[in-house]
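Here are a few notes to read alongside the model.

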Amino acid sequence: MRDIAIIGIGMMKWGELWEKSLRDLAVEASLNCLADAGVDRVDTISIGCMSGGIFNGQEHLASMIPDYLGFKHTPAMRVESACASGGLAVRTAFLEVASGMADYALAVGVEKMTDVGGGEATYGLATASDQDYEAFHGINFPGLYALMARAHMTRYGTTREQLADVAVKNHRNGNLNPLAQFPSLMTREQVMSSVMVADPIRLMDCSPITDGAAAVLLTTVEEARKIKKHPIVVISGIGLATDTIALCQRKDILKLPAIELAGQRALKMAGKTIRDINFAEVHDCFTIAEIMVMEALGIVEPGQGGPATSAGHTALNGKFPINPSGGLKSKGHPVGATGVAQIYEVVSQLRGTSGKRQIADAKVGMTQNMGGSGGSCVIHILEAKS
Amino acid sequence: MDVGIVGYGTQIPRYRIKVEEIAKVWGADAPSYKRGLNLNEKSVPAPDEDVATLTVNAARNALLRAGINPMEIGAVYVGSESHPYAVKPTGTILAEALGICPHVHTADFEFACKAGTEAMFVALHLVKSGVMKYAIGAGSDTSQGAPGDALEYSASAGSAAFVMGADNLVAELVDTHCFMTDTPDFWRREQAHYPEHGGRFTGEPAYWKHVSGAVNAMLKKANMKPEDFNYIIFHQPNGKFPAQTALKLGFKEPQFRHGLLTPVLGNTYSASSPLGLAATLDIAKPGELILLVSYGSGAGSDAFIFRTTDRLLKVRDLAPLVRKQLDEHKVYLEYGTYAKFRRKILKPE
């Protein structure tokens, strides 16, 4: 396999973008990415989108997006793995270039979620759970993560305050991110007095409904060295793993085997251990998710995610910064775009262009993007190369 | 020609239901509605109250303050989204009850919550054109919110009527401006009992865009600044939107405090900002400036600037004040009785 570098990243400010359609978002992020790369060549396009069908009545993005981007006839495909669709699109682009099938691969993640109301959006998201054994019986994602949160509190003594501290920290980071949907600062008290959604999960424990897109351009390290526009960032490890789609089929609802395995695979490929990673963007769809992912990746011991967060270890200036972008919680969660936007943030950090939220001496970063309640997971390890 | 308001009058049903009572039935979080939307209770029409009866009472009160011969009124316009009949005018009922028929023009207006100020706009400009001496423009609703929908906490009932003319003014019209686009944020199809809405789409791209668009254009046209006004009234679908919008546009709380009725009245739809104007006329002093901006889904805003006159103080107490109608003889309903009053319980024929 050839060595791969990320030479372009593109996004826009996320939010309720009433004036922008699904195609507008994908095209805008892609054009921003190509402008950032200073390249006008795309050999293949992989599109991460969870549900254009339900949210917009629009499938067949593999045709629409190249067309509106000005790359008609270019090979393109849409990949889907629920909320991990974006990460999967980046992995697909990686394989295209690493295998020699293409030299320049664009990965774009997009979701336009506000074309439907809250109820329909919740229904759309719940299609990432097991329809026969979960959704049909009335449970959706806040409910599933509430079960995990309650079990975590019971087994490990994780507190309501510790869950709130995840949101407080991510909003503090998002406050420094000009592209974040909800950059406002949040106090522990505000999180703990927000509307109850599914006990113990409150509104401010949940990532929001967002319109947004993100794109990255991949090529070989050899090509990247010729372009010389940005410091070189390489993808040194990728791990993809799956698990049962239904939470009730897991042996232990406090373990996330897909995350553990994807992490091990990515680290093995990169020839590293978790101690070699400086920071990570993780999938904090709910506050409890960030805590459980930290534990599954081995950043902390099981049960220590909450205390580590409250101790400030995951803050921007902590021992292991997590979600410097603000995470899904503050930056927003347009599901198919999230995995690509995580790459955007890590590249920006490794280039040293993250402004006020720049992590000092960031050399190796990780992204962790998961689908559903942990039924699928894509992990990337990125490194700055001199 | 100087035109404006000659008389104003209102009618508010005596029945109320509290946010807690509705939330209890649906298992909803009452404090979050009360805090988030600044809503406490809403008016409920009695079984024998509808847009026709509410408007007749409001217009009678307006005539008490106008002190004119009803036969001199050339037009009667009623704006509502709950006209009792789909086909058959409310305006004729009103004109007949007020003794104005048959030499009169009537029309029913519909533009979601903006229908009331539409009727006022046309009445004012017909008088200004010199076609007639006086015209009535009224906004009334017994508005609909589907059981369990967010709208059920606010959809309420009330009426405000204004006699427009060119003499004996209580408030002179300074200027108007209208701001419209085709924006489908809220609608009710033919034959449908309850409206549908676009959730959060009703906020920024709908209410905010049109209200701020109308305010900014009105200020520019009149060459005025937010601090020039003694009072402002914006359409009030809840207690939060108008306050938030006003503050964002540079107005201050004392300017909108008197006209903000929703927290204790609910959203009276077509009567919402007109009732706010009436409540403001109830306390304004002569020579003060008032900015009124409605909002109707679909979507658009009508902006009016009025300047009060000396005559306001002379006629104010000839009819009940809005706060008196709001505070006196209130009867609180339980959800069951409310459901019956609002015909939410269907009986076999």
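1. In chain B, the axes of helix α3 (residues 51–66) and helix α4 (residues 90–97) come within 9 Å and cross at roughly 40°. Axes here are lines fitted to C-alpha atoms over the stretch in contact, with angles from 0 to 180 degrees between N-to-C directions; helices are DSSP runs of H or I, at least four residues, and strands are runs of E, at least two, numbered from the N terminus. That angle makes α3(B) oblique to α4(B) (under 35 degrees is roughly parallel, over 145 roughly antiparallel, 65 to 115 roughly perpendicular, the rest oblique).

2. Please bear in mind that this is a predicted model: local features need pLDDT of at least 70 and side-chain atom pairs pLDDT 80 or more, while totals for chains, interfaces and linings use all residues. Residues are numbered from 1 along each chain as its sequence is written, and chains are lettered from A and ligands numbered from 1 in the order written.

3. Which residues make the helix contact? α3(B) brings Val51(B), Ala52(B), Thr55(B), Val56(B) and Ala59(B), and α4(B) brings Thr90(B), Ile93(B), Leu94(B) and Ala97(B) (contact: C-beta atoms, placed from the backbone, within 7 Å).

4. Chain B is assigned domain 1 (4–170 + 315–341) and domain 2 (173–312), with bounds from an automatic or database assignment. Their C-alpha centres lie 16 Å apart, and 51 residues of domain 1 touch 42 of domain 2. On the domain 1 side, α5(B) gives the most, with seven residues.

5. Between chains, eight residues of chain B are in contact with six residues of chain A.

Notes: Two residues are in contact if their C-beta atoms, placed from the backbone, lie within 7 Å.
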